[in-house]
Each structure stands twice: as structure tokens, then as C-alpha cells.
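Subject: Structure handover

Hi,

Here is the structure I promised to pass on. Have a look at it first, and then read my notes below.

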Amino acid sequence: MEIKKKQQAFEVALRELTGANPKLAEALKKDHIDLDTLTDIEVIELFWATELFPIYADKSPHTRRAYKQDLEFVLSFMMTKTEGLKRLTVLDIHRYLFDVNEQYSPRTAQRKNNMLKRLLTYLHINNYHQHNLAFHVKNQKRPEPLRREVDFEEIERIAESFRYTVQRAQKKELMELRNETIGYLLLTTGMRAAELLSIKFTDVKRNQHSFYLEVKGKRDKWRRIPLTEKANHLVSRLQALMMIEGVSSPFIAFSTKKANKALTYESLRLMTHQAVDHVANEEKSPPHWFRRAYITKLLANGNSLIEVMQLAGHESINTTNEYLQTLSHLSNISNANLPYK
């Protein structure tokens with residue numbers, strides 16, 4: 001009986017995997033995946049379902065989103081600039097590499113190249129291509145762009161300018177306070193943008209000494225980030241004003257367009273650019289710039305690499321060590337434990 005239940009559960013999962021297309025399930029019934037009867041889009045669907053996200057996979061939403069973007073780019077290229085997956089040539093591969101190199105930074109290009117490699121290897125292993133075209137996918141050798149030097153006074157002014165990015169008249173005071181809180185948290189916590197957008201009011205905790213945030217970072221790893229008194233004050237004020245205005249949301253960076261949802265990354269990015277414009281700085285800066293400034297100043301204040309690595313949620317100490325390269329440009333930095341008060 002137990003075996004029968006497990007078999008039924010697998011059948012349900014298999015139907016979810018292949019969707020309503022019986023051709024996809026039929027392609028799995030041999031000792032190799034039979035791709036010859038499928039269209040290019042169906043091949044991509046099966047690649048997604050059996051290689052990237054099989055039934056037993058447990059990938060984060062961040063990974064799923066990144067894979068989806070990369071695979072969409074590959075599919076768009078195949079459909080518009082080649083004669084299809086089956087007729088791919090070495091020249092097509094080099095044309096793809098050229099396009100990726102022209103449009104993306106080295107890191108993003110490498111990620112999209114790796115997706116193409118995985119797809120081509122998948123096609124070869126399943127007898128769709130006679131030769132493995134993945135051997136011709138090479139990562140571009142292009143130097144990383146120079147990082148913008150951190151100016152702590154400027155970045156504080158930008159954080160303070162978040163409240164001035166509100167243009168709507170309705171609930172303007174609430175929107176200004178929300179944006180001010182977002183800017184200040186970016187400045188004083190070093191959180192990744194995605195982490196900040198996922199923070200809820202219930203994630204603000206208190207121990208005997210201070211307030212802190214419980215933050216879930218990459219690979220679902222939790223860490224504690226101390227909050228300044230001002231940060232806690234802003235969060236408390238925001239929650240109180242939301243109650244007065246009749247706005248209900250669990251998220252600190254709440255969306256006004258979708259109930260019980262947080263802002264999107266694109267909205268946060270535009271908000272950051274508007275704050276930069278407000279202080280008359282022509283260069284656009286992503287939300288990640290605040291995180292880099294926070295980590296760099298932690299190191300400049302004398303905190304150890306291992307402490308900063310744990311606080312920032314880095315997986316490798318080498319990532320934290322890269323921030324030291326900017327310290328030679330800094331001067332007149334205080335010795336406080338936290339970068340900002």
C-alpha cells in the first residue's frame with residue numbers, strides 16, 4: 001500500500017514536471033531522452049524540467065529567477081539568429097559569444113555562457129547533436145570594470161535623500177517615511193537588496209543589549225545584523241503610521257501596488273537612482289553600493305575579516321578580502337564598531 005502511494009505521488013509530480021504536453025512524458029520512456037520529436041521550445045521545457053529543476057531539486061527562488069533569465073536569452077538567440085537547435089553550428093556559437101560579450105559584464109556573460117554549455121552538453125548526451133558543441137563555448141577574457149571609489153559623506157547624503165524620491169500626493173507622509181527607512185537600512189545594515197526587500201517587521205528582534213534583524217541570506221543562511229537606535233526608531237514609526245493610514249503589510253519595504261507584497265528590485269533600483277539625482281550626482285548607483293560602503297567601512301574601522309564575513313553573509317572570506325582593495329583611498333575614519341550611528 002505504501003509503495004502504491006509513493007508511485008501515485010511520483011505520477012502526480014511527473015505530470016507537474018511535463019505539464020499538459022504528453023510528448024514530453026513520452027520523450028522520457030527510453031534509455032535516453034528522445035528529443036527528435038520535439039520542437040525547440042519543447043526541448044527547452046524538457047531541459048528545464050529534467051536538468052535544471054528535476055522533481056527532486058530544491059533550488060532557491062533567486063536561482064530559479066537567474067536560470068529563467070539566462071535560458072530565455074539562449075532561447076531568444078536560437079529562435080532569432082540561428083536555424084534552430086538541431087542545426088546549430090560552431091559559427092552560431094561564436095556569434096552567441098560575441099552578442100553576450102557586447103551586452104553584458106564579464107560575470108553575467110560567464111553565467112549565460114555556462115547556461116549555454118549545460119544545454120549543449122545535454123543535447124549531445126541525449127544524441128540530439130553528434131558532436132558536443134559545448135567545447136566551443138569559451139568565457140571572454142575582459143578586465144573587470146573599475147569599481148567606483150566609496151565616498152562616505154556622499155553616500156550618507158544619498159541615503160537621506162530617499163525620502164525626497166516620493167512624487168505622489170496620496171499618503172505622501174507614509175511613503176516618505178517608508179523610503180527614508182529603506183535608505184537608512186541600506187546605509188546602516190549592509191544587507192543585499194534582495195535581503196532588505198524580504199525583511200518583515202517581525203524580523204526585528206531585541207535582546208538584553210540592543211535591537212537586531214534576523215536576516216535570511218543566500219542559500220537560506222540566517223544571520224543577525226545589529227540595528228542602530230535610529231534604524232529601530234524609523235521602523236517603529238513606520239509601523240505606527242501604517243496603522244494610522246490603514247495600510248497593512250508584513251514587509252518594511254512594502255508595495256503600494258500589490259497588497260501584502262514587497263517592492264520589486266526594479267523599484268528599489270529606480271528609487272536609488274532618484275536619490276542619487278537628488279544630490280546632483282550624475283552617475284547611477286545600484287542599491288548594492290550601500291552594502292559595499294558598509295562592508296568597506298567595517299573593515300576600515302578595524303573589524304576582523306572573519307567577523308565582517310559573518311555579518312555580511314559572505315560564503316567565502318576571499319569575497320570579504322576583496323573589499324580591502326578600496327581602503328587605500330580612505331582617510332579620517334572613526335573607530336566605532338558600526339559604520340554609522
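Which residues does Ile182 touch, not counting residues up to four places away in sequence? They are Phe162, Leu196, Ala253, Leu263, Leu268 and Met271, where contact means heavy atoms within 4.5 Å.

Some ground rules before the rest. This is a predicted model, so to speak of local features we need pLDDT of at least 70, and side-chain atom pairs count only at pLDDT 80 or more, while totals for chains, interfaces and linings use all residues. Residues are numbered from 1 along each chain as its sequence is written, and side-chain values use heavy atoms, with hydrogens and water left out.

**Cores**

Ile182 belongs to the largest nonpolar core, which has 50 residues, and together with Phe162 it touches the most other members. A nonpolar core here is a set of buried Ala, Val, Leu, Ile, Met, Phe, Trp, Tyr and Cys residues joined through side-chain atoms within 4.5 Å. Buried means under 20% relative accessible area, exposed is over 50%, and partly exposed is in between (1.4 Å probe, protein chains only). The elements that give two or more residues to this core are α7, α8, α9 (193-198), β2, α10 (229-245), α11 (265-278), α12 and α13 (305-312). Helices (H or I, at least four residues) and strands (E, at least two) are DSSP runs, numbered from the N terminus. The biggest contributor is α8, with 8 residues. Another core lies apart from this one; it has 35 residues, including Leu38, Leu52, Phe53 and Leu71.

**Rings**

A search of the whole structure turns up 5 aromatic pairs. The rule: rings of Phe, Tyr and Trp (its six-membered ring) pair if their centres lie within 6.5 Å, with planes under 30 degrees apart called stacked, over 60 edge-to-face and the rest tilted. Phe73 and Tyr104 make an edge-to-face pair, at 5.5 Å centre to centre and 85 degrees between the planes. Phe73 lies in helix α4 (residues 61-81) and Tyr104 in the loop between α5 (90-103) and α6 (106-125), so this pair ties together parts that are 31 residues apart in sequence. Phe73 counts as buried at 15% relative accessibility, and Tyr104 as partly exposed at 24%.

Phe162 turns up again here: its ring centre is 5.7 Å from that of Phe290 and the planes are at 75 degrees, so this pair is edge-to-face. Phe162 sits in the loop between α7 (152-160) and α8 (172-189), and Phe290 in helix α12 (residues 288-300), 128 residues apart. Phe162 is buried at 0% relative accessibility, and Phe290 is buried with a relative accessible area of 1%.

Ring pairs also link Phe73, Phe77, Tyr96 and Tyr104 into a cluster.

**Charges**

The charged end of Lys112 sits over the ring of Tyr104, 4.9 Å from its centre. For this, NZ of Lys or CZ of Arg has to be within 6 Å of the ring centre and within 35 degrees of the ring normal. Arg178 does likewise with Phe254, at 5.4 Å from the ring centre.

As for salt bridges (a side-chain nitrogen of Lys or Arg within 4 Å of a carboxyl oxygen of Asp or Glu), the count comes to 16. Lys112 forms one with Asp70, the closest N and O atoms being 2.8 Å apart. Lys112 lies in helix α6 and Asp70 in helix α4, so the pair ties together parts that are 42 residues apart in sequence. Both Lys112 and Asp70 are buried. Salt bridges that share partners join Asp70, Arg111 and Lys112 into one network.

Also in helix α4, Lys68 and Glu72 are 4 residues apart, about one turn of the helix, and their side chains meet in a salt bridge (2.6 Å, N to O). Lys68 is partly exposed at 44%, and Glu72 is partly exposed at 42%.

**Strands**

Strands β2 (residues 211-216) and β3 run antiparallel, joined by 5 bridges; two strands pair if DSSP finds at least two bridges between them. Val215 stands opposite Arg223 in β3.

Cheers
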